[in-house]
Amino acid sequence: MTSCPCKYSFIDENKKLTPRRDVPSYPKYMLSQETIEALRKPTFDVWLWEPNEMLSCLEHMYHDLGLVKDFNINPITLKRWLLCIHDNYRNNPFHNFRHCFCVTQMMYSMISLCNLQEKFSQVDILILMTAAVCHDLDHPGYNNTYQINARTELAVRYNDISPLENHHCAVAFQIIAQPECNIFSNVTQEQFKRIRQGIITLILATDMARHAEILDSFKEKMDHFDYSNEEHVTCLKMVLIKCCDISNEVRPMEVAEPWVDCLLEEYFMQSDREKSEGLPVAPFMDRDKVTKPTAQIGFLKFVLIPMFETVTKLFPEVDEVMLQPLWESRDRYEELKQLDDAMKEASYTYPELSDIFQSNIKFAQKFSEE
């Protein structure tokens, strides 16, 4: 078995799955009223918190939504489960525990903003939250395209069909299979079956290769959306987890922008490796071809904004809080791209002045952020 981070042994051999028995191992942070209120909003600054504090925030969400009470979750088991979740996220530049926290916090915000507890059953709320927590478990930092082209163990195991998402699901339920971490131990057999199926469906929906298929299916249901129709509700839940998974640009610019650097770092790590292994390289991951503005503009215009515009038709409250920041982000990155293009053209025409152009563009970027 090679030691390469993608061609690893399957999770069975991962000691991290063994739950910690010394719970509570993270101190019980008393969240201030200010934090509790901020936690319900997309403007929450996810960079301010240590892992222990993020664990306490996640714990609070499960209590606040009534999930601990309604599903008779042992509070100590909840702590153990969250610790085990934390331990099974890797220290990737982007796909790490802080990303898991971001996605779950955005889901919690959307549940509050869209009053989803009035529209969904508590089982659906539990599925949404737990799928968000688990959606990238044990992500190796190299995407499905790499897994398939490099013929890694995961790609072979899952026959090239969403290998990463299948793996995230498998790890999630291997953690739940540990009695000390089983937050579902007090639900009925029938409920567990429904919860398990729901979580699997949502995590598999986060494969961006399925983006158009899922969004088109949702659009078809929009004009006659029916909360009593299980197929409609499942489709909406899939779109909600997708929104949360890629929602960084909804956040304030100073919170969102560092994530672009994290993502590009992970992309460049992959593309450098693909080049060295003689595998195909996607242009959007190539450090010689991509810039922050070019990376974000297409994604905002053709993926994020159309999806949030569709969701806004069902939940008008999303418009001001989530859609408008996306428009502002798109406009800002388009301005930055114009600056980049102007600088390149000027540097090409007057190479001896390129240092001056560089310092001017840095000043302009700083000015646009203030």
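Helix H12 (residues 211-222) and helix H13 cross at roughly 135 degrees, and their axes come within 10 Å of each other. Axes here are lines fitted to C-alpha atoms, over the stretch in contact for helices, with angles running from 0 to 180 degrees between N-to-C directions. Helices are DSSP runs (H or I, at least four residues) numbered from the N terminus. This is a predicted model, in which local features need pLDDT of at least 70 and side-chain atom pairs count only at pLDDT 80 or more, while totals for chains, interfaces and linings use all residues. Residues are numbered from 1 along each chain as its sequence is written, and side-chain values use heavy atoms, with hydrogens and water left out.

H12 and H13 are therefore oblique to each other (angles under 35 degrees count as roughly parallel, over 145 as roughly antiparallel, 65 to 115 as roughly perpendicular and the rest as oblique). On the H12 side, His 211, Ile 214, Ser 217, Phe 218 and Lys 221 meet a set of H13 residues that includes Glu 231, Cys 235, Leu 236 and Lys 242; contact means heavy atoms within 4.5 Å. By class, this contact has six nonpolar, three polar and three charged residues (Ala, Val, Leu, Ile, Met, Phe, Trp, Tyr, Cys and Pro are nonpolar, Asp, Glu, Lys and Arg charged, and the others, Gly among them, polar).

H13 (residues 230-245) also packs with helix H7 (residues 122-134), at an angle of about 30 degrees and with the axes 11 Å apart. That makes H7 roughly parallel to H13. Asp 124, Ile 127, Leu 128, Ala 131 and Ala 132 in H7 meet Val 233, Lys 237, Leu 240 and Ile 241 in H13. Seven nonpolar, no polar and two charged residues make up this contact.

Notes
Helices (H or I, at least four residues) and strands (E, at least two) are DSSP runs, numbered from the N terminus.
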